[in-house]
Amino acid sequence: MNPEQRITIVPIELQLPIPETTQDDSVRRAFDFRLDLQTARDRLEDLRRQIDLAENGMLPDLDLIARVRTNDPQLTDGVNFDFSEALYAGGINLSLPLDRINEAVAVRAAQVRYAQGERVYQQTLDDAAVNVRQTLRDIDQAQFSLLLQERNVEIAQNRIASIDAAPDRANARDRTDAVSGLRDAEDARDEAKRNLQVAILNHLNEVGMLR
């Protein structure tokens, strides 16, 4: 860019509205919308299904057996079958769960894994709820800070107005200090606005609504 070229900086400012919600509503939204919590629920459901699969190994096994044998000489042709002299056989094989130690151990192991996964899932929910509530407190704190900084700007503006109203009572240094104080107050106010918008973005991200 040519350093001699004149440019115009267009100010752009986020204007995200303050979320009108309660802590409980925000936590419920986070449980519904956050993809990581949905993944955690799916993992817990997979562990529960593993218990069902392990318990199926403890059930009796029932197998149906059927067999057909034919002496048709034309069988070698592969097209003409005659079952008039065929031999048929069928049966049922029932296996009772009398001694299934390995299967019982598998069921217990699946139950232990599910209990561990349930604790991890509950801890994940608790952490998410704490983070969501913290973002709401950060928004409240940022709002309060912005209110204080706006009042400081008003005080600085009134100080300059009082100097302008009675210039004989103030010297050049007083006016310089007043102008500098106004600039510092405006900078602090703008930083408070920035912090408020960041707090809102953090809240939307924690709730899962940013996407």
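Tutor: A helix here is a DSSP run of at least four residues, marked H or I, and helices are numbered from the N terminus. The model we are reading is predicted.

Student: How many residues does helix H4 have, and what distance does it reach from its first C-alpha to its last?

Tutor: One way to read a helix is to set its end-to-end reach beside the expected value, which is 1.5 Å times one less than the number of residues. Helix H4 covers residues 172–207, a run of 36 residues, and its reach of 53 Å is close to the expected 52 Å.

Student: What is found at the start of H4, and what follows H4?

Tutor: At the start, a side-chain oxygen of Asn 171 comes to within 3.2 Å of the backbone nitrogen of Arg 173. After H4 comes Gly 208, whose phi is positive, near 90°.

Student: Which residues in H4 are buried?

Tutor: The general idea is that an α-helix has 3.6 residues a turn, so residues three or four places apart point the same way. In H4 the buried residues include Ala 178, Leu 182, Ala 185, Ala 192, Leu 196, Ala 199, Ile 200, His 203 and Val 207. Among the elements that cover the buried residues of H4 are helix H1 (23–33) and helix H3 (101–165).

Student: Is Gln 197 buried or exposed?

Tutor: Gln 197, which lies in helix H4, counts as buried because its relative accessibility is 11%, and the cut-off for buried is under 20%. Leaving aside its neighbours within four places in sequence, Gln 197 is in contact with Leu 14, Gln 15 and Leu 16.

Student: Which residues make up the largest nonpolar core?

Tutor: In soluble globular proteins, nonpolar side chains tend to be buried together. In this model the largest nonpolar core has eight residues, namely Leu 136, Ile 139, Ala 142, Leu 146, Ala 192, Leu 196, Ala 199 and Ile 200. Helices H3 and H4 each supply at least two residues of this core. A second, separate core has seven residues, including Val 153, Ile 160, Leu 182 and Ala 185.

Student: At what angle do H1 and H4 pack?

Tutor: A packing angle is read together with the distance between the two axes, and for H1 and H4 the angle is about 55°, with the axes 7 Å apart. That angle makes H1 oblique to H4. Where these helices meet, Ser 26, Arg 29, Ala 30 and Phe 33 in H1 face His 203, Glu 206 and Val 207 in H4 as contact partners.

Student: Is Ser 26 buried or exposed, and which residues does Ser 26 touch?

Tutor: Ser 26, in helix H1, is buried, because its relative accessible area is 1%. Not counting residues up to four places away in sequence, Ser 26 touches Thr 21, Val 132, Leu 136, His 203 and Val 207.

Student: Which residues does Arg 175 touch?

Tutor: Arg 175 has its place in helix H4, and with a relative accessible area of 36% it is partly exposed. Its contacts, again without residues up to four places away in sequence, are Ile 160, Ile 163 and Asp 164. The side chain of Arg 175 makes a polar contact with the side chain of Asp 164, at 2.3 Å. Arg 175 and Ile 160 are 15 residues apart along the chain, and their C-alpha atoms are separated by 6.9 Å.

Student: How many residues apart in sequence are Gln 141 and Ala 192?

Tutor: Gln 141 and Ala 192 are 51 residues apart in sequence and 9.9 Å apart in space, C-alpha to C-alpha. For Asp 138 and Asp 187, the values are 49 residues in sequence and 20 Å in space, C-alpha to C-alpha. Gln 141 is exposed, with a relative accessible area of 57%, whereas Asp 138 counts as partly exposed at 29% relative accessibility.

Technical notes: Residues are numbered from 1 along each chain as its sequence is written. This is a predicted model: local features need pLDDT of at least 70, side-chain atom pairs count only at pLDDT 80 or more; totals for chains, interfaces and linings use all residues. Side-chain values use heavy atoms; hydrogens and water are left out. Buried means under 20% relative accessible area, exposed over 50%, partly exposed in between (1.4 Å probe, protein chains only). Contact means heavy atoms within 4.5 Å. A polar contact is a pair of N or O atoms within 3.5 Å; within protein, one must be able to donate a hydrogen and the other to accept it, and residues adjacent in sequence count only if both atoms are side-chain atoms. A nonpolar core is a set of buried Ala, Val, Leu, Ile, Met, Phe, Trp, Tyr and Cys residues joined through side-chain atoms within 4.5 Å. Axes are lines fitted to C-alpha atoms, for helices over the stretch in contact, and angles run from 0 to 180 degrees between N-to-C directions. Angles under 35 degrees count as roughly parallel, over 145 as roughly antiparallel, 65 to 115 as roughly perpendicular and the rest as oblique.
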